[in-house]
Every structure is written in C-alpha cells, then in structure tokens.
Amino acid sequence: MTLDRNGFVVEIRRGNGSPKFLPLSPGATVNPMSIGMLGDFRLEADGVLDVHGYLYFDGTSLFVQSTDGHHQIRVNGKPIGPDWTAVAPPCTLAVGDARLVYCPASQASAASSATPPVARPAAGRAPPVAFDESAPTVADGRYSYDDAVPTAKTRAPDDEATGSIPLPPPPPPPAPR
C-alpha cells in the first residue's frame with residue numbers, strides 16, 4: 001500500500017493487526033469495513049471484540065460506528081454509538097486497548113518510515129500527531145468477556161465453520177448544498 005501525501009490514513013499506533021495502516025485518497029470511496037479480531041481491518045489487543053465496529057470513507061470524510069453499546073469505539077475519548085458518525089482528523093480511535101490514529105498522510109508514522117527523517121518540521125507544517133494516551137482503556141473498566149457480541153457463524157458444505165459478518169449499509173449521501 002502506498003500513501004497519497006494529499007490524502008489521509010488510519011494507522012495502528014497501539015496493538016497489532018493487519019493492515020498496519022489504511023490509506024484514504026480524496027475522491028476514492030472505501031466501502032464499509034469491519035474492525036476487530038475477525039474484522040476486515042484486523043485489530044488485536046485486550047478488549048477488542050470479534051467485530052468491534054465499522055469504518056467507511058466516502059472520498060471526503062471518515063465515518064465510524066460501534067457494534068456494541070457496552071464496548072464502544074471512542075474518538076478522542078467520546079463514545080461512538082451504533083449510528084454512523086463523521087470524525088475529523090487528527091483524532092485517536094480507541095478500540096478496546098488498541099489505538100488507531102486518523103490523520104493527514106503527511107503526518108502518519110507510515111509516511112515517515114517511507115521517507116528519510118527531517119530534523120524539524122518545515123515552516124507551516126504541523127508536527128506529527130500523537131495519540132491520546134489519556135483515553136480510557138479496557139484496563140480502566142475491566143472488560144467482561146461474558147458480554148462479548150457473538151459473531152454469526154454458518155456451516156459450509158464441507159462442514160467447516162466460516163465467518164459470516166454482515167456489513168451495515170453506508171451512511172446516506174450528504175444533502176446538496
């Protein structure tokens with residue numbers, strides 16, 4: 001994956017997963033994708049559900065939604081419910097104990113690893129985005145695995161279990177201006 005320096009990126013700053021970052025280019029839509037231990041955007045950390053929530057990029061804005069009312073994604077500490085919510089960069093998305101950062105691609109750590117380090121930011125350029133260490137974590141509220149949302153499973157003809165995770169519909173298009 002390459003970064004469009006004029007675009008945005010969602011990248012993992014705490015936790016493990018794949019892909020390490022999701023490039024978002026202006027004008028290019030990214031269909032709704034699940035985030036979680038079994039999601040399209042795989043994320044592994046304490047307190048992350050199999051499908052914790054969804055991301056959607058309409059070519060201009062990033063939208064986030066949670067799948068569980070008890071274990072919500074938090075954006076800069078604010079809980080996100082089951083409705084699509086637009087988020088603005090730079091921000092930190094707390095998913096269990098994992099942290100994702102949504103920021104301009106030029107400020108992403110993935111971008112800095114692709115180019116040689118600069119002694120200091122150029123004039124008029126913001127310093128790299130730091131994620132919010134003070135955002136509540138699962139360790140703050142002790143996650144209960146009894147409340148985890150089960151994922152839907154179906155049986156394939158060969159009797160092998162396969163995941164069947166339905167995606168929510170994308171948010172409605174913005175009203176004409």
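A residue is called buried here if its relative accessible area is under 20%, exposed if over 50%, and partly exposed in between, with a 1.4 Å probe and protein chains only. By that definition E11 is buried, with a relative accessible area of 2%.

The structure is a predicted model, in which local features need pLDDT of at least 70 and side-chain atom pairs count only at pLDDT 80 or more, while totals for chains, interfaces and linings use all residues. Residues are numbered from 1 along each chain as its sequence is written, and side-chain values use heavy atoms, with hydrogens and water left out.

Confidence comes first. The pLDDT, the predictor's confidence in each residue from 0 to 100, averages 78 over the chain, and 64% of the residues score at least 70. Where pLDDT is low, the predicted coordinates should not be read in detail.

The secondary structure of the chain comes to two helices and 14 strands. These elements are DSSP runs numbered from the N terminus: helices are H or I runs of at least four residues, and strands are E runs of at least two. Of the 177 residues in the chain, 40% are buried. Among contacts between residues at least 6 apart in sequence, 50% join residues at least 24 apart.

Next, the interior. In soluble globular proteins, nonpolar side chains tend to be buried together. A nonpolar core is taken as a set of buried Ala, Val, Leu, Ile, Met, Phe, Trp, Tyr and Cys residues joined through side-chain atoms within 4.5 Å. The largest such core has 25 residues, and the members that touch the most others are V10, L24, L55, L62, L93 and Y102. Leaving aside residues up to four places away in sequence, L93 touches L55, V64, I73, R74, V75, A98, R99, L100 and Y102.

Y102 also takes part in ring pairing. Rings of Phe, Tyr and Trp (for Trp, the six-membered ring) pair if their centres lie within 6.5 Å; planes under 30 degrees apart count as stacked, over 60 as edge-to-face and the rest as tilted. The count comes to three aromatic pairs. F8 and Y102 form a tilted pair, with 5.6 Å from centre to centre and 45° between the planes. Because F8 lies in strand β1 (residues 8–14) and Y102 in strand β12 (residues 98–104), this pair ties together parts that are 94 residues apart in sequence. Y102 is buried, at 1% relative accessibility. Y56 and F63 form another tilted pair, at 5.9 Å centre to centre and 35° between the planes. Both residues are buried, Y56 with a relative accessible area of 11% and F63 at 14%. Ring pairs link Y56, F63 and W84 into a cluster.

What charged contact does E11 make? E11 forms a salt bridge with R13, and the closest N and O atoms are 2.7 Å apart. The rule asks for a side-chain nitrogen of Lys or Arg within 4 Å of a carboxyl oxygen of Asp or Glu, and the count comes to one salt bridge. While E11 is buried, R13 is partly exposed, with a relative accessible area of 21%.

Cysteines form no such link. A disulfide would be a pair of cysteine sulfur atoms within 2.5 Å, and a search of the whole structure finds zero disulfides. The cysteine sulfur closest to that of C91 belongs to C103 and is 8.9 Å away, too far for a bond. C91 is buried, with a relative accessible area of 3%, and C103 is buried at 0% relative accessibility.

A cis peptide bond joins S18 and P19, with omega about 0°; P19 lies in the loop between β2 (16–18) and β3 (21–24). Another cis peptide bond joins P89 and P90, where omega is about -10°, and P90 is found in the loop between β10 (85–87) and β11 (91–95). N76, in the loop between β8 (73–75) and β9 (78–80), has a phi near 50°, a positive value in a residue other than glycine. At 44% relative accessibility, N76 is partly exposed.

Definitions and conventions: Contact means heavy atoms within 4.5 Å.
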